Amino acid sequence: SYVLFDLIIAGSDTTASTITAALFLLHEPRHSTQLASAREEVANVDVLSLSLEEVRDKLPYCSAIAKEVLRLYPPVPFVGRTSVAPREVGGLEVPEGGTLCFSPYALGRDPSSWGNDADAFQPERWMADSATGGSPSTFCWLPFGAGPRGCLGTRLGLTEVVIGVALLLQRFEFDFDRKDDGLKYKYDLTLNLEGTTLCELRARK
């Protein structure tokens, strides 16, 4: 029951912040091409009828948007692992009980992995290579961790973001009053969108 509780709690704020960040980024004027591509993709898709297996096939661009937002703004800024025995990691001696941390945020913005446009919002990189986004390894993108200690809700969380973004773009027009000065954010335990912006919603025909 504790695992289920953690899964539900961890999958609420994190998913909400990722969907919110995606919508804001897409509605920045500099990303109008990406917004148009996403709207075109969802225009004639019955999103709620899709099976889990169909989501990535029917919504590849929305899937790319989700991965790109998670690359730039992972909900959890760092992940720690505690050694159960003395080990050497990357030339560093780690004692039993020692804790090492890695940062999905830093990994996702490393120019040596993602190129000179590492800080740019470009979902297209995942269309060209859906597995790695063009990075040298799948371990360059770790918003959910990896291996036996990776997030149990990886597939659920990613699917929620894809479907959430697709449905909202399909059903509403968004007009943010602050969309020219970039996404403001801060990290506590998880990603928090900082400051305020008003957004007018209009139902799409």
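Visitor: In helix 4, how many of the 13 residues are buried?

Guide: Keep in mind that we're looking at a predicted model. Helix 4 is mostly covered. Its buried residues include Y61, C62, S63 and A64, and the list carries on to R71 and L72.

Visitor: How far does helix 4 reach from its first C-alpha to its last?

Guide: At 1.5 Å a residue, you'd expect 18 Å for this helix of 13 residues. The model comes close to that, with a reach of 19 Å.

Visitor: Which element gives the largest share of the largest nonpolar core?

Guide: That core has 42 residues, and among those touching the most other members are L26, L59, I65 and V69. Helix 1, helix 2, helix 4, helix 8 and strand 5 each give two or more residues to the core. The largest share is eight residues, and it comes from helix 4.

Visitor: Let's zoom in on V69. Which residues does V69 touch, not counting those up to four places away in sequence?

Guide: V69 is one of the buried residues of helix 4, and it's also among the core residues that touch the most other members. Leaving out residues up to four places away in sequence, V69 touches T18, A21, A22, L25, P74 and F121.

Visitor: Is R39 buried or exposed?

Guide: You'll find R39 in helix 2. Setting aside residues up to four places away in sequence, R39 touches H27, L169, F172, E173, F174 and R204. Its relative accessible area is 11%, and the cut-off for buried is under 20%, so R39 counts as buried.

Visitor: How far apart in space are L183 and Y73, C-alpha to C-alpha?

Guide: L183 sits in the loop between strand 5 and strand 6, and it's buried, with a relative accessible area of 11%. Y73 is one of the residues L183 touches, along with A21, F24, L25, E28 and L193, not counting residues up to four places away in sequence. L183 and Y73 are 110 residues apart in sequence, yet C-alpha to C-alpha the distance in space is 9.9 Å.

How values were computed
Residues are numbered from 1 along each chain as its sequence is written. This is a predicted model: local features need pLDDT of at least 70, side-chain atom pairs count only at pLDDT 80 or more; totals for chains, interfaces and linings use all residues. Side-chain values use heavy atoms; hydrogens and water are left out. A nonpolar core is a set of buried Ala, Val, Leu, Ile, Met, Phe, Trp, Tyr and Cys residues joined through side-chain atoms within 4.5 Å. Buried means under 20% relative accessible area, exposed over 50%, partly exposed in between (1.4 Å probe, protein chains only). Helices (H or I, at least four residues) and strands (E, at least two) are DSSP runs, numbered from the N terminus. Contact means heavy atoms within 4.5 Å. The expected span of a helix is 1.5 Å times one less than its number of residues.
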